[in-house]
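Grab the model and work through these exercises. Each one has a task and then a step-by-step solution.

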Amino acid sequence: MKIQPTAIALLAALLSTTFAQDTHLDIRVPDTVESDLFGPIKSIETDTSYNMSTEHLKKVRSYDPSGNLLGEMNWNYAEELKSSRTNYFNEHGSLTEYRFIDHTDEETNYWEIILSPSTRQIAKRNKKTGTTKLRTYSPQKYQVQYKETDKQKKLIKASRTKRRADHRETEYTRIDQKNRPLYTYYFKWDDRGFITKERLRYHQEKKERLHSYDFLTVDAYGNWTQRLMIRYDVGGKEKTKISEKLTIRMIEYFEESLTENDYDF
Amino acid sequence: MIMIFKKRIPLLLFIACCSVFSEEEPEAEEPHDEQQEENALIQSQFDYSFEDISDRLVAIKYEKGFGNGFIATMEGKTYLFTNQHIILGANQLSFTTAAGEKLRPRRIELSTTRDIARLLLADGTKGFKITKHMPMDSPVGLFGCREAGDEVALELYGTVTGVGADRVEISAEFSAKNSGAPILNIQQEVLGIASYVRKSRTHAMKEGTQFENRTRRFCFRLTGNQWKSVNWKKYNDKFGRFYHQNALFTDGVIEVLTEWGDTPRDRISVVEHPEKSLISWVTSHNQIIKIHGGPTQKKRFAAEYSKSLKTLSDTCARRARQTRMFSEKNKLTGFLRDELSRQASTLEWMAKLLTRISHNAQDYR
């Protein structure tokens, strides 16, 4: 599927219009739901390490009670704050702007938000560079397309997402600057709502990868808290392990964590 | 004195680098009070002890050594599991459970990628269950026999501190001598096999952090393996003995050079070692140390000393070539291929460094 050529014209229209009466929630589902998270999540601290290294990366995301992302902070291997993002909402709970700080080069960028509920689209424009990120949502409010263009409306990158009836992603295809598919992820889900396998097929070269997930712990809300990913190169029937990633999530909820007694009515 | 000091710099560098290659580790340190309390807390979660599972813990004895093993069921069969590095190179192996029962394995299979061997036992032998489930921070215990006396129990407790596709890291402070022992959870299920200990390199970046001088302990996972059945006698005769002898030689050279590095003008006191070629070199080198006298003798000493180091360098280089050749044999398991390749790299490095020191030693007085 090609990115619609009319999208650029639509974006131009979007950028000159405001939809103050609408909230972004009219267009898309909350961030926690989109991310396949369960329960009233307040924050998630994610710790990642590769190949059993003692070096770790840390990320913290905070949410409001409706599941909207309030902000995100990322630390590098030296435990230095690398970047931070803060979302700003208006009195209607609509996302109006976000700020992104790259702490490495101390550069701050502000992105303004333009909504188009009628086309189920949200555009985010960098006030400094003019770069625009346009997301299109399905009638069920799940993201199905993404497109990033520069100031001259030249395509930087894009993607499209296919979903099944319960809205879970089945395919994710990344598009390059020349509007050609670069690679596609095919997802396999289990009954718990976890992706257990991802098959990655590159379109412009003969290469295939497989990501296999093992969930070590799951909390009372059904969110995984420890996950091991193994990445393989696939060639015919052979697969060769190339790396592994261990992710640990510390999840804080708005309510007290569920205990066994919570189910004991 | 200054000259001697200068000569020692590359040697110190050499010894420091040897520790990078060496998987041998320090003896387990006495835990601090806080650590002891934590271990006691972990131990309290286990409702069984060594005695309760002694029928599934195995003491493995060979000519001059001892290792651990254990009995577990896999794919409907019962096996004795141990590390390949424990049994490789051994002439005579005997297997006895900690409860005193002699075991007679029927067949040996080797993991194609990990340092694990499984030996088929008779049907009906009681074994541990094996689990894939190993959450981070969950309590684990290492159970084994402390030394050749089968009845000397070893119990070490800790938690899972790292999980990978083929191995798991634990905090229970086992040493290399405890290789082959099972790592069990509180349900008496095996998470992995104690396999190796690695001390992290000291680095300025790590100073003051939790990783400074950190010793890490790894256990191979039993699940997700591919197994290769081997004719053990042939495999061991052809590859096992070579690997074992090479390990002795490499460790011996490190031992000799460590002592030599401390006192390069003194006799080397290592006179007993299973690797005869090394003892031969030590004997010859100690003869050179005796050379004293005027300028002519000093010149002779420098030349002989340099030549002696070159001889050792050449021996290392020869071994390295042979080891590299062996490491490329198709019949090897991935574990042995990697080990031989590692040994070859160590020997190549030793040879290179000894050549350099030998060259500089020509000016040695």
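**Exercise 1.** Check whether the span of helix H5 (residues 232-262) of chain B fits its residue count.

*Solution.* Start with the rule: the expected span is 1.5 Å times one less than the number of residues. H5(B) has 31 residues, so it should span 45 Å. Its end C-alpha atoms sit 42 Å apart, which agrees. Next, look for a kink: H5(B) bends by about 35 degrees at B:Gly240, the bend being the angle between axes fitted to the seven residues ending there and the seven starting there. Helices here (H or I, at least four residues) and strands (E, at least two) are DSSP runs, numbered from the N terminus.

A bit of housekeeping: this is a predicted model, where local features need pLDDT of at least 70 and side-chain atom pairs count only at pLDDT 80 or more, while totals for chains, interfaces and linings use all residues. Residues are numbered from 1 along each chain as its sequence is written, chains are lettered from A and ligands numbered from 1 in the order in which they are written, and side-chain values use heavy atoms, with hydrogens and water left out.

**Exercise 2.** Describe how chain B meets chain A.

*Solution.* First, contacts (heavy atoms within 4.5 Å): 17 residues of chain B touch 13 residues of chain A. Then the buried area, meaning accessible area (1.4 Å probe) lost on being put together, summed over both parts, comes to about 1,200 Å², with 64% from carbon and sulfur atoms. Now for salt bridges (a side-chain nitrogen of Lys or Arg within 4 Å of a carboxyl oxygen of Asp or Glu): there is one between the chains. B:Asp166 pairs with A:Lys241, their closest N and O atoms being 4.0 Å apart. E11(B) gives the most, with three residues.

How values were computed
Buried area is the accessible area (1.4 Å probe) that two parts lose on being put together, summed over both.
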